[in-house]
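Please work through the exercises below with the sequence and the 3D structure at hand. Each task is followed by a solution that goes step by step.

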Amino acid sequence: MSELLRKWSGKSTHFHKPLQASLELTNRCNERCSHCYIDDFSDDALKKLNKAQWFEVLDKLRAAGVLYLILMGGEAMLSPYFWDILKRASNMGFHVSTITNGLKINSLDVAKRLKNDGLSVVTMSLYSAHSEIHDSMTRVRGSHARTLKAIEYLMEAQIEVTLNCLLTKDNIDTVFDLYDYAKEKNLQLKVDSNITPKFSGNLDPTKLRASATQLQTYFLELIKQYPHAGPSPSGETETSYICNAAKGKCAVTAYGDLLACIEIRKPLGNLLKTDFAAAWQSAEAKKWRNLRVRDMEGLNSLEVQNFCDHCPGLSAHEHGNPLKMTEFVDKVAHLKRDIWRNCSK
């Protein structure tokens, strides 16, 4: 992150001005990932936004001060309005990126069209350097090869590509092969071990979380290969915000509901029925906006909190209490703290 962007982001959070908005263009997807948080890969025909309504949402986000848009889903490119929204948003001056599995980027022409229509960054969901592991996780045979080909098309079209990998018990043991691939292609790779329950509260995806032994091995190898990438304390205090929900970022569902963030699913309001400002200053928004570290329940150590990836939305889905760390997050925080202590000696 550039120093200027870091400064803007800080001011955005402080003054509760949303700098970034994630747009869930559709719930539809052409993969069926075993770890996915979506319950139903379909859109309600009576509720989903049409093109004109999405344009209205863009106008309201621009007026609210949003600069960065992330087009997502489901699979964003399955939306019939993906291209219209991309081009309109780009012409309005938004910095537009998308999160995709890449299956619709099936030719160089598609990649070039994305570039010409104003897409700045594509984040690809890539779960392994090994096709059998990736395809098993997406439940689509051949998806690995198609995603790798999409990356090649995007790079040839000179679009910035980053990689996202969710660490599970099935792919964590070979993830450094994916690090090697990313290094070879000069691509940024982000990994996350915290698998989200389904939005309904169904915990099946959480059964795929890596074990403590796997995570310890991963972090130790990470430090060995990338000494500056290991666990380190965040420097948070009791008065620090728990997260950036309803402050510097927001989200909009396929039905126009404004959310404090993707994980927090109770709408602040619907942008087809109310002004952004009214929803953004609602009691529901303020509830999430004002959460501080000192509000967390069962937190016995600020040092542990400094290694914690607590997400109020995820906790609410998993056990109904947004202010209490999940057992998994607590376990990982302690593990990271202990590794940091030992490596700092």
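The exercises that follow concern a predicted model, and they go from the whole chain to single side chains.

**Exercise 1. Work out how many helices and strands the protein has, and how its radius of gyration relates to the globule rule.**

Step 1. Counting the secondary structure of the protein gives 13 helices and nine strands.

Step 2. The radius of gyration is 20 Å, close to the 20 Å that the globule rule gives for 345 residues, so the protein is as compact as a globular protein of that length.

Step 3. Along the principal axes, the C-alpha atoms fill a box of roughly 55 × 45 × 40 Å.

**Exercise 2. Find what share of the residues is buried, and what share of the contacts joins residues at least 24 apart.**

Step 1. Buried means under 20% relative accessible area, and 53% of the 345 residues of the protein count as buried.

Step 2. Taking contacts between residues at least 6 apart in sequence, 73% of them join residues at least 24 apart.

Step 3. The accessible surface comes to about 16,200 Å², and carbon and sulfur atoms account for 48% of this surface.

**Exercise 3. Count the charged side chains and the salt bridges of the structure.**

Step 1. The protein carries 45 positive and 40 negative side chains, with the centres of the two sets lying 4 Å apart.

Step 2. Side chains of opposite charge can pair when their charged atoms come close.

Step 3. Searching the whole structure for such pairs gives 13 salt bridges.

**Exercise 4. Determine which residues are linked with Glu303 in a network of salt bridges, and which parts of the chain its pairs with arginine 337 and arginine 341 connect.**

Step 1. The network of salt bridges links Glu303, Arg337, Asp338 and Arg341.

Step 2. One of its pairs is the salt bridge between the side chains of arginine 337 and glutamate 303, at 3.3 Å from N to O. Because arginine 337 lies in helix 13 (residues 327-344) and glutamate 303 in helix 11 (residues 302-305), this pair ties together parts that are 34 residues apart in sequence.

Step 3. A salt bridge also joins the side chains of arginine 341 and glutamate 303, at 2.6 Å from N to O. This pair links distant parts of the chain, with arginine 341 in helix 13 and glutamate 303 in helix 11, 38 residues apart.

**Exercise 5. Locate the partners of the salt bridge between aspartate 309 and lysine 336, and decide whether each is buried or partly exposed.**

Step 1. The closest N and O atoms of aspartate 309 and lysine 336 are 3.2 Å apart.

Step 2. Aspartate 309 lies in the loop between helix 11 and helix 12 (312-319), and lysine 336 lies in helix 13, so the pair ties together parts that are 27 residues apart in sequence.

Step 3. Aspartate 309 is partly exposed, with a relative accessible area of 46%, while lysine 336 counts as buried at 13% relative accessibility.

How values were computed: Residues are numbered from 1 along each chain as its sequence is written. This is a predicted model: local features need pLDDT of at least 70, side-chain atom pairs count only at pLDDT 80 or more; totals for chains, interfaces and linings use all residues. Side-chain values use heavy atoms; hydrogens and water are left out. Helices (H or I, at least four residues) and strands (E, at least two) are DSSP runs, numbered from the N terminus. The radius of gyration is taken over C-alpha atoms; the globule rule is 2.2 Å times the number of residues to the power 0.38. Buried means under 20% relative accessible area, exposed over 50%, partly exposed in between (1.4 Å probe, protein chains only). Contact means heavy atoms within 4.5 Å. Accessible areas come from the Shrake-Rupley method with a 1.4 Å probe; for residues, only the protein chains shown count as cover. Lys and Arg count as positive and Asp and Glu as negative; His and the chain ends are not counted. The place of a charge is taken as NZ of Lys, CZ of Arg, CG of Asp or CD of Glu. A salt bridge is a side-chain nitrogen of Lys or Arg within 4 Å of a carboxyl oxygen of Asp or Glu.
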